[in-house]
Amino acid sequence: MLWGTTLRERLLTQHFLQRFLENDLLSPDADHHDAIAMVCGGLLTLGLFLSVFISLKFLFMPFQSPGRTAALAVGDRLVFVTLAMIVLAFVAVATWDALSLDPRDTAILGPLPIERAVLARAKLRAIAILAGSFSLFASVLSSVFHPTLMIAKLPIGIIPALALITVHLLITLSAGLFGFASVLAMRELLRATLGWRFTRVSTSLQAALIVVLVTSFLLLPAILSRARTDPSVARLLPPVWFVGLQEALVGHLVADLPRGVLPPLFASQEDRAEARYREAAAWLRPLAWRAVAALTISLVVAVAAYSWNCRSLPLPLVGHRAVRYRGPRLLARVLMFMMLRPPATRAGFFFTVHCLFRSGPHRVVIAGCTAVSLAISVVLLGAGSRSPAADLAGIPVYVFATQTIALAVMLFGFAHVTRLPADAAANRLFRIAWIADATRYVTGVRRAAMAAIVLPVVLMLLPPGAYLMGWRVAMMHGLTGVVLGAALLTVLTFRSSQLPLVATYAPSEGLNTVGPVVLIGGMFAVLAFARIERFALAEKQSAAILWIGLALIAVVPHLLAGRNTDLDLPTAFDAPAPGTTRLDLG
C-alpha cells in the first residue's frame with residue numbers, strides 16, 4: 001500500500017511538472033521541449049561566459065596576490081548572486097498562474113479518489129523541483145569555473161579550492177531559491193489575504209514584476225556599481241547579504257594566503273587592496289545572518305501560505321455582472337464610429353486589446369518587451385542627458401535611435417504575441433462563427449497595435465525627447481515614430497497565412513541561427529535610420545519626404561495586394577509544426 005501511495009504521488013508530481021512545460025496553445029504536432037532546452041542551455045552558457053569573462057583579470061594579473069584577488073572577488077560574487085536571484089525570481093513570475101492548484105486541477109483531478117493533501121504535496125514537490133533545477137542550471141558552471149580560474153595562480157591547496165567551489169555553489173543556489181521563494185510567498189500571501197479578489201490584481205501584479213525584474217537584469221551593472229560605492233544602500237540589498245555570508249564562510253581562504261615577494265609597485269597596490277578588502281569584509285560579514293534569516297523566512301512563509309491556501313481545492317470561477325450591461329462606453333463608441341466601422345475590424349481591434357492585457361502568455365511577452373524597451377531607453381537617454389546639444393546636428397545618434405529601438409522591440413514582441421492563440425477553445429469558436437472577412441479582421445489587429453503599443457511608446461518618450469531636443473524637434477520625432485510604427489506593422493502582418501491570435505502556435509525554425517543574424521542586422525538598420533532621421537528633421541521639406549515615404553510603406557502594400565484569400569482557408573486556423581506537410585486529403 002505504501003508503494004502504491006508513493007507511485008501515485010510520483011505520477012502526480014510528474015503530471016504537475018509537465019503542466020509547467022506544456023501549453024495547450026501550442027500546435028499539437030509541435031515539440032514544446034526545445035524552448036525549455038534553449039532556456040537551460042542559455043543559462044549554462046551565460047554562467048560559463050560570465051565566469052571566463054570575469055576571471056580574465058585574474059589570469060592576466062601580473063604577480064597575482066591574495067589581497068587584490070580577494071578585493072576583486074567580492075564584486076564578482078555580487079554579480080553571480082544577483083544574477084541567480086533575478087533569474088529564479090523571473091522563473092517564478094513566468095510560471096505565476098501555475099504556482100498553485102487551479103480550477104482546472106479541480107475539474108480534472110477533483111473527481112478522482114485522491115486526497116486533497118496528496119494533490120497539495122505533489123504540486124509543492126513539483127514547484128520545488130522546478131526551482132531547484134533552474135537554480136542549478138544558473139549556478140553550476142559559474143561555481144566550478146570562477147573559483148578555479150580565480151585561484152589558478154595562487155598557492156592554495158586542493159581542500160580550500162574545493163571549499164571555495166562548494167560554498168560558491170551553495171550560496172548561489174540559496175540566493176536563487178530566495179528569489180523564487182520570495183515571489184511565491186508574496187503571491188500566496190496575497191491570495192490568502194484577498195481571496196477571490198486576488199484574480200483581479202494577479203494580472204497587473206505579474207506584469208509589474210516582469211517589468212521590474214527584466215529592467216533590473218538589464219540595468220544590473222549600474223545597480224551593482226551603486227552597491228559597491230555606497231555601503232549604506234548596499235546593506236539593504238538581499239544579494240549583498242548572501243555575499244556577506246560567502247565572505248564569512250570562505251573569504252579568509254584567499255585573503256590569508258601568503259603574498260610572497262612582490263616588486264615595490266605591486267606591494268603598495270597589494271597593501272591598498274588588502275586594506276580595502278578588510279574594510280569591505282568588516283561590514284559584509286555581519287550581514288551573513290540576514291541571508292540565513294531571509295532564506296528561512298521566505299521558505300517558511302511560502303510553504304505556510306501555500307498550505308493555508310490548499311485547505312480546499314479551488315472552485316471554478318463564475319463570472320457575473322453586478323449591474324445590467326449598458327453597452328460600450330463613450331471611448332469605445334467614438335472608436336467604433338471613427339475607425340472601426342466594419343464588424344470584422346471592430347472584432348479584431350477589441351479582441352487584440354483584451355488579449356494583450358488579460359491573457360497570461362500574451363501579458364508575459366508584452367511585459368518583458370516593455371521592460372527591455374524601458375531599460376534601453378533609460379540607458380541611452382541617460383547618456384544623452386549628460387551632454388545636451390545646442391543644435392540638431394550635435395544630438396547623438398543614439399538619442400534618435402532610442403524611439404526606433406523601443407518600437408522595434410515592442411512590435412516584434414507583438415508579432416510573436418499574434419502567433420499565440422488567445423485560448424484553446426477560441427480556435428473552435430472562430431471556426432464556427434467565421435465569416436471569411438480576414439482582411440478587415442487583420443486591419444483591426446493592426447489598429448489595436450497602433451493604439452495599445454505604438455502611441456504609448458511615442459507618448460512616453462516625448463517628454464525626455466523634448467528635454468534633449470526641444471519641443472519642436474521632439475514633436476517631429478514623435479510623428480516619425482507613429483508613421484514608422486505603422487510601416488513596421490505593415491511589414492510584420494503583410495500576407496500572413498495564419499489568423500492572428502487564433503491559429504495554433506508552432507515554434508519558428510532556425511531561431512538559433514537566424515536570430516543572431518536578424519539581431520545584428522537590425523542594430524545596423526536602426527543606426528542607419530537614426531542618421532537619416534536626424535538629417536531629415538533639420539528641414540520641414542526633408543521631414544515631409546521621410547514621413548510620406550514611411551506612410552507609403554504602411555499603406556501601399558495593402559492597396560496593391562487587396563484581399564488576403566489565404567486567411568479565408570481552413571489552413572489559416574492551424575499552424576503546422578516545422579518539418580511537417582499538410583496533405584488536405586479531405
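Mentor: Let's start with a term: a salt bridge is a side-chain nitrogen of Lys or Arg lying within 4 Å of a carboxyl oxygen of Asp or Glu. By that rule, the structure holds 13 salt bridges. The model is predicted, so local features need pLDDT of at least 70 and side-chain atom pairs count only at pLDDT 80 or more, while totals for chains, interfaces and linings use all residues. Residues are numbered from 1 along each chain as its sequence is written, and side-chain values use heavy atoms, leaving out hydrogens and water.

Trainee: What makes Arg-8 and Glu-115 a salt bridge?

Mentor: Their side chains meet with N and O 3.3 Å apart, and the cut-off is 4 Å, so the pair qualifies. Arg-8 lies in helix H1 (residues 2-21) and Glu-115 in the loop between helix H4 (103-109) and helix H5 (116-150), so this bridge ties together parts 107 residues apart in sequence. Helices here are DSSP runs of H or I with at least four residues (strands are runs of E with at least two), numbered from the N terminus.

Trainee: Why is Arg-8 called partly exposed?

Mentor: Buried means under 20% relative accessible area and exposed means over 50%, with partly exposed in between (1.4 Å probe, protein chains only). Arg-8 has 25% relative accessibility, so the middle class applies. Glu-115, at 44%, is partly exposed too. Arg-187 and Glu-188, by contrast, are both buried, and their closest N and O atoms are 2.9 Å apart in a salt bridge.

Trainee: What makes a group of residues a nonpolar core?

Mentor: Its members are buried Ala, Val, Leu, Ile, Met, Phe, Trp, Tyr and Cys residues, joined through side-chain atoms within 4.5 Å. The largest such core has 86 residues, and Leu-12, Ile-151, Phe-180 and Phe-242 have the most contacts inside it. Helix H3 (residues 66-94) gives the most to this core, with 16 residues. Apart from it lies another core, of 51 residues, including Tyr-441 and Trp-547.

Trainee: How do you know that H3 meets H6?

Mentor: Contact means heavy atoms within 4.5 Å. Among the H3 residues meeting H6 are Phe-80, Met-85 and Leu-88, and the H6 side includes Ile-171, Gly-176 and Phe-180. By class, this contact has 15 nonpolar, four polar and one charged residues; Ala, Val, Leu, Ile, Met, Phe, Trp, Tyr, Cys and Pro count as nonpolar, Asp, Glu, Lys and Arg as charged, and the others, Gly among them, as polar.

Trainee: Why is Ile-405 called partly exposed?

Mentor: Its relative accessible area is 22%, so Ile-405 counts as partly exposed. Ile-405 is found in helix H16 (residues 397-417). Not counting residues up to four places away in sequence, Ile-405 touches Ile-376, Leu-380 and Val-526. Ile-405 and Ala-530 are 125 residues apart in sequence, yet 9.9 Å apart in space, C-alpha to C-alpha.
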